[in-house]
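I opened this entry to go through one structure piece by piece. I wrote down each thing I looked up in the order I looked it up.

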Amino acid sequence: MTSLEVRRTLPASGLPRLLDGAWSDSSADLEAHLRKHGPPPLRLRPADLIETVERSGLTGRGGAGFPVGRKLRSVVEAGRGPAVVVANGMEGEPASSKDRLLLTRLPHLVLDGISLAAHAVGADRAFVCIHRGDPEYADWLRECVAARRAAGIDRVAIEVAELPRRYVASEQSSLVRFLDGGPAVPTFGPRPHERGVGGRPTLVHNVETLAHLALIVRRGDNWFRAVGAPRAPGSMLVTVGGAVNRPGVYEVPMGLSVGNAMMVAGGPAEPVKAVLCGGYFGTWMAAEVAWNVPLTHSDMRRAGAFLGAGILVALPESACVLGETARVVRYMSEETAGQCGPCVFGLPALAEVLSELAFTGGRARAIQQVRRQIELVDRRGACRHPDGVAALARSALDAFADDALEHDRFGPCIGLRRRPVLPLPARSEREEVRR
Ligand SMILES: Cc1cc2nc3c(=O)[nH]c(=O)nc-3n(C[C@H](O)[C@H](O)[C@H](O)COP(=O)(O)O)c2cc1C
Ligand code: SF4
C-alpha cells in the first residue's frame with residue numbers, strides 16, 4: 001500500500017456506505033461484521049439477485065465501468081457447467097490504495113460480495129487475487145476465509161491466490177491464465193465470461209465492485225441510487241494524491257466534480273497545475289479544465305479523459321508534467337508481458353523519445369518523434385496496455401502543448417529538479433510475470 005492515509009468522507013452526503021465502520025478496531029472481525037450486516041442473503045433467487053443489481057445501475061469499479069448486471073447475465077448465459085468468480089484485488093495502479101484498504105479493513109464485505117456473485121452465476125469456486133510479496137497479508141486473508149468456512153457462511157469454496165507484482169498481471173485474462181497454472185500475462189482468446197478458469201465461464205470483478213454488490217443485495221437498488229448521478233448511481237472510492245493537504249482514500253458520490261473531490265482531500269496544498277485522472281492509463285488535464293468535470297465515465301470521456309479506478313493526482317505548479325510522464329512511460333514500458341510488437345519495441349522507443357523531450361530537449365524535433373511513436377503503439381497490442389500508455393503520453397502533449405514546445409526548443413525546465421510526484425514501485429519490488 002502507498003503511504004496515503006485513510007480518510008473519512010463527505011459530511012451530510014449519505015456517505016460513507018462502503019467505508020462505514022472501516023475505522024473501527026473490529027472492522028475486519030467476522031462477528032462484528034455479522035452483527036452489523038447479518039450473513040449474505042443466499043436464500044434469494046439468483047434471477048432476482050441479478051435483477052436487483054441490474055436495476056441498481058452498478059458499474060465495475062476496476063477501470064472500464066462495465067455494467068455489472070450485464071456481466072452477471074452473460075456468465076449465466078454462457079451456461080457451460082458451474083462458473084468461477086475471480087475477485088481482482090491486485091490494484092496494479094501504483095497511485096491507487098482503495099482495494100488494499102477494502103481488503104484489510106472490510107474483508108468480509110468483499111467476501112460477502114464474492115459469495116453473492118457466486119450464488120447469482122452458479123459458481124462453485126472463487127478466488128481473491130492479490131499481489132504476492134506480503135505473506136502475512138495473504139495468510140491473514142486466508143484466515144478470514146477459514147473463519148467464514150467454520151461458520152458455514154459461504155456455499156462457494158474461496159481461495160486466496162498470490163500473483164506476481166507486475167502491471168499487466170492484474171488484467172483479467174492474466175488472472176485466468178495464472179489460475180490455470182500459466183504465466184500471469186494477458187491471453188488473446190475468448191473473454192473470461194465465455195471461457196475462463198478451467199474453460200468455465202468466469203466472472204471477474206474488482207473487489208470494490210463486489211463490496212458494492214454485497215450492500216445492494218441487502219439494501220436494494222433504490223437505496224443504491226439515492227446517492228450519485230442519475231446515469232452513474234452510487235458512491236465510489238477515489239484515491240487522491242499529490243499536492244493536496246490530506247491525500248488518501250475517500251468515498252464520494254459518483255458525479256462529484258474533480259475539484260470537490262480535491263476539496264474533500266483538504267484542497268490544494270500549493271498551486272496546482274495539472275490533474276492526472278484515472279492512473280497510468282489515464283489522462284492529464286489542466287487543473288482549471290479538470291476542476292468542474294464530474295466523476296462519471298461518460299463525463300470524463302466527454303472531457304477527453306478517463307475515470308479508470310478513481311485515481312486523482314494533483315500536480316503542483318512547481319513540477320514538470322513531461323518529466324512525470326516520461327518516468328511513468330518508462331515504468332510502463334518495463335511492465336509489459338513482452339509478447340506483442342508494441343510492447344516489445346514500441347513502448348521502449350516511446351519511453352526513449354519522451355525522456356529525450358523531457359530531460360534533454362533543445363533540439364526542436366522530439367515532439368514529432370513522440371507523436372509518431374504514440375501512433376505506432378496505439379491499438380496495436382493484444383490488450384489495452386499500449387493504448388493506455390499512448391493515451392497518457394498524448395494527453396501530456398495535448399494539454400501542455402506550450403510546455404512541450406518549450407522543452408523541445410530550449411531544453412528541460414526547472415521543475416525537473418524537484419522531487420517526483422507520481423509514485424512508482426522500486427525496481428526491486430517488481431517481478432517477472434512468467435515466474
Ligand atoms: C493492463 C491492465 C491492468 C489492469 N489492472 C487491474 C487491476 O489492478 N485491478 C482491477 O480491478 N482491474 C484491472 N484491470 C481491469 C481488469 O482487466 C477487469 O476489467 C476488471 O478487474 C473487471 O472488474 P470490474 O468489472 O469490477 O471493473 C486491468 C486491465 C488492464 C488492461
Ligand atoms: S499488448 Fe503488451 S501487455 Fe498486452 S498482451 Fe501484448 S505484450 Fe502483453
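**Strand β10 and its partners**

I began with β10, which 5 bridges join to strand β12 (residues 311-316), the two running antiparallel. I noted that the model is a predicted one. Next I looked for the residue of β12 that faces Leu276, and found Val313 opposite Leu276.

I then turned to β11. Strand β10 (residues 272-277) also pairs with β11, in the antiparallel sense and over 4 bridges. Here Leu276 stands opposite Trp284 of β11. I reminded myself that strands of a sheet pair through backbone hydrogen bonds, either parallel or antiparallel.

How many residues lie between the strands in the hairpin of β10 and β11? I counted 5 residues there, and I noted that Gly278 in this hairpin takes a positive phi near 95 degrees.

For β10, 6 of its 6 residues are buried, so I wrote the strand down as mostly covered. In strand β11 (residues 283-286), Thr283 and Met285 point one way, while Trp284 and Ala286 point the other way. All four of these residues are buried. The general rule I had in mind is that side chains in a regular strand alternate between the two faces of the sheet.

**The parallel sheet**

I moved on to a sheet of 4 strands. The sheet is open, its order is β4-β3-β2-β5, and its pairing is parallel. Which strands are at the edges? The edge strands are β4 (157-163) and β5 (202-206), and each pairs on one side only. Neighbouring strands of this sheet are turned by 20 degrees against each other on average, with direction ignored.

I looked at one pair in detail. Strand β2 (residues 83-88) pairs with strand β3 (residues 123-131) over 6 bridges, in the parallel sense. In this pair, Val86 stands opposite Phe127 of β3.

I also looked up two helices that lie across strands of the sheet. Helix α3 (residues 68-78) lies across β2 and β5, and runs at about 160 degrees to β5. Helix α7 (residues 172-179) lies across β2, β3, β4 and β5, and runs at about 105 degrees to β4.

**Ligand 1**

Which residues come nearest to ligand 1? There are 17 residues around the ligand, and Gly62, Gly92, Ser170, Asn206 and Thr209 come nearest.

A polar backbone atom of Gly92 is 2.7 Å from an oxygen atom of ligand 1. For Asn206, a polar backbone atom is 2.8 Å from an oxygen atom of the ligand. For His205 the atom is in the side chain: a polar side-chain atom lies 3.0 Å from an oxygen atom of ligand 1. I then looked up the cover. On its own ligand 1 has 620 Å² of accessible area, and the protein covers 90% of that area.

Is Asp154 buried or exposed? Its relative accessible area is 18%, and the cut-off for buried is under 20%, so Asp154 counts as buried. The side chain of Asp154 makes a polar contact of 2.8 Å with the side chain of Ser115. Another polar contact, of 2.9 Å, links the side chain of Asp154 with that of Arg148. With neighbours within four places in sequence left aside, Asp154 is in contact with Leu111, Ser115 and Arg148.

His212 sits in helix α8 (residues 207-219). I put His212 down as buried, because its relative accessibility is 3%. Not counting residues up to four places away in sequence, His212 touches Leu18, Leu58, Arg61, Phe224, Ser235 and Met236.

Last I looked up Glu352, which is found in helix α14 (residues 341-360).

Note on methods. Residues numbered from 1 in each chain as written. Chains lettered and ligands numbered in written order. Predicted model: local features only at pLDDT ≥ 70, side-chain atom pairs only at ≥ 80, totals over all residues. Heavy atoms only, no water. Pairing = 2+ DSSP bridges. Axes fitted to C-alpha atoms, helices over the stretch in contact; angles between N-to-C directions. Contact = heavy atoms within 4.5 Å. Buried < 20%, exposed > 50% of the residue type's maximum accessible area, 1.4 Å probe, protein only. Polar contact = N/O pair within 3.5 Å; in protein donor to acceptor, adjacent residues only side chain to side chain. Near = heavy atom within 4 Å. Areas by Shrake-Rupley, 256 points an atom, 1.4 Å probe, with all protein chains shown as cover.
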